[in-house]
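Hi,

Here's the structure I said I'd pass on.

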Amino acid sequence: MSLFSAILWACLAVCLCGAAWRMARWLAPDRSLAVPGLPPSAALRYLWRSLSWRDALAAAPRLARAFFIDILLQGHLLRKGSLWRWLMHFTLFAGFSGLLFFHALENFVSRPLFAGYEPTLDPWQFLRNAFGAMVACGLCIALCRRIFVRDMRRTSRIEDFFTLGVICCLIASGFGLDAAKIVSPAAFERMTADYLPAPDAADLAALRAYWAAAHGMAFPVQMSPPGPASPEALEKGRDIAEMSCIPCHSPLRSAFVSAPLSRLFAPAGAGLVDGLWWLHVLGCLFALAWLPFGKLFHILSTPAGILLRGLDPGRDAAAPPAAAPLNRAVGLDACTNCGICSRHCSVLPSFLALGTPEILPSEKLLSMRRLAGKSGRLTPAALAAFSEGGFVCTECMRCTVVCPSRINLQDLWLVSKREAARLGYPELAVRLRALGPDVWERLARTGRRAKRTLAASPSLLDNPETFAHCVQCSVCTGVCPIFRLPDIPASEVDVSPHQLMNLVRMGLADTALSANFLWNCTTCYKCQEHCPQGVRVADVLYELRNLAHARVEAAARAGLLDDADPAAAQPGGRP
Amino acid sequence: MTFAWFPGCRIPFHLPDYGRESLAVLAALGVRPAEVEFNCCGYPVRHQSLLASVLSAARAMAVASRAGLDILTPCKCCFGNLRFAQNALAERPDLMAAVTDALRPEGLRYDPDLTVSHLLQVLDRDIGSAAVRTAVAAPLAGLRVAAHYGCHALRPSQVTRFDDPQAPTIFENLLAAAGCTPVSWTLRLECCGQPLAGKNDRLALALAASKYESALQAGADVLVTACTYCQMQLGATALSCAVPSALAVSWPLPGPRPGPPIAVIHVSRLLGAALGLWPLGTMPPPSPDTG
């Protein structure tokens with residue numbers, strides 16, 4: 001076995017094992033993706049059982065249309081994305097597919113199917129250049145979009161550029177190899193040995209002269225005589241070439257990329273043939289082995305997800321079918337990090353203000369993939385960010401509508417909230433309820449090191465005028481809807497609105513932050529509307545909540561929150 | 001009347017009927033708001049960060065300004081927060097500067113002169129109760145309705161300028177134009193409890209229960225809302241996606257939430273029925289074990 005075939009088989013084995021491993025995770029999804037009350041591993045069984053011949057027949061036209069329009073022609077990119085996005089992806093996909101089937105697999109596809117196939121004959125020579133040019137074109141658009149479009153830059157990761165780099169390496173080495181071969185004397189000598197059975201020296205010299213003149217081939221000095229060749233020799237060379245070479249060589253102008261490139265290579269590049277061959281082949285084999293472990297896996301997972309997606313993602317998210325874990329696992333793998341969800345995200349301005357990447361759907365999906373891959377072993381900081389991102393989401397469903405991979409993101413986000421809560425990270429406001437005054441004081445002390453943002457520099461709390469006119473008449477408490485409810489435990493109304501105003505007025509904001517009532521305010525603004533002194537009671541309550549969030553977020557970012565882990569607090573606030 | 005339709009985030013998934021039917025009612029009355037892709041109004045994030053909330057609202061309003069349209073929303077929390085943000089931006093130059101900076105890279109500019117209107121205001125002010133009365137094809141005579149006002153449109157009144165905060169009439173006028181009989185009920189201006197849903201379910205449901213009881217005591221057949229969040233909280237048709245959490249107080253115990261003892265519908269369903277667009281349908285019977 002040659003070195004090449006050893007590497008080929010090894011890479012193929014890695015690719016197949018990796019793909020099998022990832023697909024096995026679809027069939028036995030992580031428990032974080034489970035539908036409550038049902039084992040996640042049974043998803044496939046449920047899907048299988050729910051299918052009947054009648055359903056399959058009814059769904060066949062829809063699936064066939066999805067396959068041709070959405071998978072082969074990628075119509076969903078045109079519908080949900082833009083012309084550039086479609087052009088970028090379709091040229092990459094079509095060019096790469098053409099190269100794969102007609103060039104890489106030529107011994108299995110082109111040669112058996114097309115009589116008289118030779119890679120140096122048209123249309124194959126032309127097509128190879130055309131497919132390569134398509135991929136190069138797609139690569140350029142993709143790179144430009146990721147570098148120059150601001151929203152794309154925001155969500156682009158190293159892996160995206162690495163993947164583009166790998167494809168770039170394959171295409172560049174391919175064109176380079178083609179060009180080097182065109183001007184390679186070694187390739188010439190190999191061909192003449194094969195196709196000119198008994199050449200005499202004069203014929204060979206004439207042929208060399210002809211190829212050197214016609215194709216710019218640079219023969220070593222000892223092979224070709226110095227000075228320009230005589231017209232007779234060229235004529236003779238042309239005759240031999242027409243007899244022995246041309247039947248297998250189309251004119252070079254159809255190699256519209258590699259032929260001009262070969263002129264750049266002409267004197268020195270010929271010696272690069274072996275090196276470029278290894279670069280090209282090793283690059284292809286690396287891409288093959290890496291396919292199941294990177295975003296290139298979407299070549300398999302995205303079509304699977306498109307075919308598995310239900311007709312009504314909203315309904316599937318509201319009442320997940322038993323097979324939902326399977327769809328969720330495939331969906332997590334189907335993301336290509338194209339970033340379109342984050343560009344259209346309803347809470348994008350919240351991300352701009354708060355800066356937590358997990359607010360953006362594309363980033364949250366990455367956290368969720370980690371969660372599902374490691375069974376919840378995210379660090380507390382990562383879990384806190386995951387929870388914050390999850391709960392800032394307003395469930396508007398837009399990302400689900402625009403996702404070109406047709407992932408039911410709405411369903412995943414509802415699961416993400418459930419999982420964050422299950423792992424002890426429910427909505428931050430719920431966790432903040434549980435913190436006592438001592439924690440707030442400590443956070444206030446240590447938090448000063450954190451950057452004071454606009455959100456953390458309240459204007460009402462800092463201004464004595466805010467409370468100057470409060471006469472503690474308790475009208476605010478009298479009109480509060482929480483205080484009129486019957487049978488409410490005393491702990492829920494531990495401090496009343498007018499007492500809260502007084503606490504803040506006395507500079508006891510830390511005590512105010514630890515009041516359960518602060519988190520029970522419905523923000524109905526009755527207190528503020530009815531205050532005879534014009535105190536902005538509800539606005540102050542909002543600012544106190546803002547302050548609490550800002551302090552905890554600053555402390556969490558600075559890694560100061562470990563021993564005051566809100567997850568360890570008692571349910572339902574402090575008694 | 002050139003409006004941009006601002007449905008708010010909760011409509012597409014949680015309450016699609018409210019969006020669809022509101023647009024149908026508006027179209028029947030000659031108002032066709034344009035579809036524009038908006039971001040969140042910023043209401044849900046307001047208790048977390050004033051800046052995030054005001055930036056969200058300002059971006060949405062800048063998007064409407066760029067299209068040369070005023071905003072029309074069926075959600076009172078969206079309405080309230082957009083008005084709140086307009087006020088905050090006028091009041092605080094530091095916020096205005098931060099928002100202007102954040103919007104500049106997108107080429108967006110916040111325009112303080114933009115008008116934000118709630119569905120009820122457009123029906124009452126732009127279309128007019130008289131025009132609605134003329135358009136009514138199937139008056140809902142004899143239907144006793146309890147109008148639920150919703151907090152964030154009404155208060156703080158100096159900011160929202162929606163209606164008289166102590167004695168509003170806009171909702172009842174409209175319901176009377178549809179042929180219904182509005183009832184006077186004690187808790188009509190009170191909170192539905194939605195802001196606490198998922199955070200303190202016990203209080204959220206106790207607030208909702210008190211609203212049902214008050215409407216029933218006043219002899220109402222139907223409780224009518226004009227806000228996505230209020231309808232989600234009080235209505236039975238809303239998709240319940242309450243997040244179970246270890247720390248949230250759940251009520252009474254894990255299990256299905258009791259249905260409302262009184263029919264709760266949104267204003268567009270009722271108006272559409274009065275305009276003859278669809279039948280009102282039978283109101284779900286009150287469940288005996290709640291209220």
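**Confidence**

First off, this is a predicted model. Its scores are ipTM 0.91 and pTM 0.90. For chain B, the average pLDDT is 89, and 88% of the residues score at least 70. There are stretches of chain B to treat with care, though. Over residues 237-255 of chain B the pLDDT stays under 50, and the model has 45 contacts beyond four places in sequence for that stretch. Residues 284-291 of chain B also stay under 50 in pLDDT, with 17 contacts beyond four places in sequence.

**The β2-β1-β3-β4 sheet of chain B**

Chain B has an open sheet of four strands in the order β2-β1-β3-β4, with parallel pairing. At the edges are β2 (34-35) and β4 (116-118) of chain B; each has a single partner strand, so one side of each is left without a neighbour in the sheet.

What joins β3(B) to the strands beside it? On one side, strand β1 (residues 3-5) of chain B pairs with β3(B) in the parallel sense over three bridges.

Are the side chains of β3(B) buried or exposed? Both faces of the strand are covered: Asp70(B) and Leu72(B) on one side are buried, and so are Ile71(B) and Thr73(B) on the other. Helix α6 (residues 119-135) of chain B lies across β3 and β4 of chain B, and runs at about 90° to β4(B).

**The β6-β5-β7-β8 sheet of chain B**

Further along chain B there is an open sheet of four strands in the order β6-β5-β7-β8, again with parallel pairing. Its edge strands are β6 (181-182) and β8 of chain B, each of which pairs on one side only. Two helices to look for here are α9 and α12 of chain B. Helix α9 (residues 170-177) of chain B packs on the sheet and touches β5, β6 and β7 of chain B, with its direction at about 155° to that of β5(B). Helix α12 (residues 267-274) of chain B packs on the sheet too, touching β7 and β8 of chain B, and its direction makes about 80° with that of β8(B).

Strand β5 (residues 144-147) of chain B and β7(B) pair in the parallel sense over three bridges, with Ala147(B) opposite Val224(B) in β7(B). Four bridges join β7(B) to strand β8 (residues 263-266) of chain B, also running parallel. In that pairing, Leu223(B) has Val264(B) in β8(B) as its bridge partner, and Val224(B) stands opposite Ile265(B) in β8(B). As for the side chains of β7 (residues 222-225) of chain B, Val222(B) and Val224(B) point one way, Leu223(B) and Thr225(B) point the other way, and all are buried.

**Where the chains meet**

The contact takes 51 residues from chain B and 50 residues from chain A. On the chain B side, α1 (10-14), α3 (50-66), α5 (93-103) and α10 (201-217) each supply at least two residues. The largest share of that side comes from α3(B), with six residues. Sorted by class, the chain B side that touches chain A has 30 nonpolar, twelve polar and nine charged residues.

**Chain A**

Helix α1 (residues 3-27) of chain A packs with helix α17 (residues 324-334) of chain A at an angle of about 145°, their axes 7 Å apart. Arg22(A), Arg25(A) and Trp26(A) of α1(A) make this contact with Leu326(A), Ala329(A), Val330(A) and Asp333(A) of α17(A). By class, that gives four nonpolar, no polar and three charged residues.

Finally, the domain assignment of chain A gives domain 1 (309-426) and domain 2 (434-568). The C-alpha centres of these domains of chain A lie 31 Å apart.

Cheers

Note on methods. Residues numbered from 1 in each chain as written. Chains lettered and ligands numbered in written order. Pairing = 2+ DSSP bridges. Contact = placed C-beta atoms within 7 Å. Axes fitted to C-alpha atoms, helices over the stretch in contact; angles between N-to-C directions. Buried ≥ 20, exposed ≤ 12 C-beta atoms within 10 Å, placed from the backbone. Nonpolar A, V, L, I, M, F, W, Y, C, P; charged D, E, K, R; others polar. pLDDT = per-residue confidence, 0-100. Domains from an automatic or database assignment.
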